[in-house]
Amino acid sequence: MLTDLSPLIAATARWLTAAYPPCGGALASALCEAQARQAVTVAAWLRYPTEIDAGLVTVAGPGGAARLDWITGAEPSADHPAEEWAWRTWVDEVVASWAAALLTDAELAGLAVAALADGEHTVAAPVEFRRLLTPDDGDRRAAALLRHPDLLAPVAELHLDQLIDRLSPGSSLAA
């Protein structure tokens, strides 16, 4: 069973950076992408904390970006050839929502990263999420839209209660 969450992480990060594009040139684009990827990675690892969870989502599929597109006012994917929108089927709405919440709330992001400390995803090697946890001025400028609490609120609030429940003391990390 495939347990690699990288297609889900890549698609969800791509959706976030397309919905909330970087401000600036190529460097800003890279910095914005790095922040989105880190937030999505944390959110995905929280949502699918075990190999079994990851395997199940790769078999069943994460659900796609249709509702997120509708909430943010993005144009419908049916207007484009399949090769231009097929990646959207790998977007996970809950992971995008959780990532949006992490990008706009530093305290919540810290709790989320701390919750991963003993998880299956971080056992092999320690992972650093500096751009998510302590963005510098360049990071903030590059991802001004991606980190704007008012702009991300409709997405972040979709599944915020579930994220807070997951991060509550004593809650299990099994999905």
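**Entry 1: overall make-up**

I started with the model itself, which is predicted. I looked up the secondary structure and found 11 helices and 0 strands. Read from the N terminus, the order is α-α-α-α-α-α-α-α-α-α-α. I then checked burial. The protein has 175 residues, and 42% of them count as buried. Next came the contacts between residues at least 6 apart in sequence. Of these, 83% join residues at least 24 apart.

**Entry 2: the core**

I asked which residues have the most contacts inside the largest nonpolar core. They are Trp15, Val42, Leu102 and Leu132. The core holds 47 residues. I listed the elements that give two or more residues to this core: H1, H2 (26-47), H3 (51-60), H6, H7 (106-115), H10 (149-156) and H11 (160-167).

Leu102 then contacts Ala39, Val42, Ala43, Leu108, Ala109, Ala112, Leu132 and Leu163. Val42 and Leu132 in that list are also among the residues with the most contacts inside the core.

**Entry 3: H1 against H6**

I took helix H1, residues 6-19, and helix H6, residues 93-104. Their axes lie 10 Å apart, and the packing angle is about 55 degrees. That angle makes H1 oblique to H6. The crossing of H1 past H6 is right-handed. I then noted who makes the contact. H1 supplies Leu8, Thr12 and Leu16, while H6 supplies Val95, Ala96 and Ala99. By class I get 5 nonpolar residues, 1 polar and no charged ones.

**Entry 4: H6 against H11**

I stayed on H6 and turned to H11. How far apart do the axes of H6 and H11 come, and at what angle do they cross? They come within 9 Å and cross at roughly 75 degrees. H6 and H11 are therefore roughly perpendicular to each other, since 65 to 115 degrees is the range for that label. On the H6 side I find Val94, Ser97, Trp98, Ala101 and Leu102. On the H11 side I find Leu160, Gln162, Leu163 and Arg166. The residues of this contact split into 6 nonpolar, 2 polar and 1 charged. Leu102 and Leu163, both in this contact, also turned up as a pair when I listed the contacts of Leu102.

**Entry 5: Leu68**

I picked Leu68, which sits in helix H4, residues 66-72. Is Leu68 buried or exposed? Leu68 is buried, because its relative accessible area is 0%. Leu68 contacts Trp15, Val91, Glu93, Ala96, Val155 and Leu158. Trp15 is one of the residues with the most contacts in the core. Ala96 belongs to the H6 side of the contact with H1. I also checked Leu68 against Asp92. The two are 24 residues apart in sequence, and their C-alpha atoms are 9.4 Å apart.

**Entry 6: Arg131**

Last, I looked up Arg131 in helix H8, residues 130-133. Arg131 counts as partly exposed, because its relative accessibility is 23% and the buried label requires under 20%. Which residues does Arg131 touch, not counting residues up to four places away in sequence? I find Leu31, Ala34, Gln35, Gln38, Asp139 and Arg147. For Gln38 I also noted the spacing. Gln38 and Arg131 are 93 residues apart along the chain, yet their C-alpha atoms are separated by 7.3 Å.

Technical notes. Residues are numbered from 1 along each chain as its sequence is written. This is a predicted model: local features need pLDDT of at least 70, side-chain atom pairs count only at pLDDT 80 or more; totals for chains, interfaces and linings use all residues. Side-chain values use heavy atoms; hydrogens and water are left out. Axes are lines fitted to C-alpha atoms, for helices over the stretch in contact, and angles run from 0 to 180 degrees between N-to-C directions. Helices (H or I, at least four residues) and strands (E, at least two) are DSSP runs, numbered from the N terminus. Angles under 35 degrees count as roughly parallel, over 145 as roughly antiparallel, 65 to 115 as roughly perpendicular and the rest as oblique. A crossing is left-handed if the near helix is turned anticlockwise from the far one by less than a right angle, and right-handed if clockwise. Contact means heavy atoms within 4.5 Å. Ala, Val, Leu, Ile, Met, Phe, Trp, Tyr, Cys and Pro count as nonpolar, Asp, Glu, Lys and Arg as charged, and the others, Gly among them, as polar. A nonpolar core is a set of buried Ala, Val, Leu, Ile, Met, Phe, Trp, Tyr and Cys residues joined through side-chain atoms within 4.5 Å. Buried means under 20% relative accessible area, exposed over 50%, partly exposed in between (1.4 Å probe, protein chains only).
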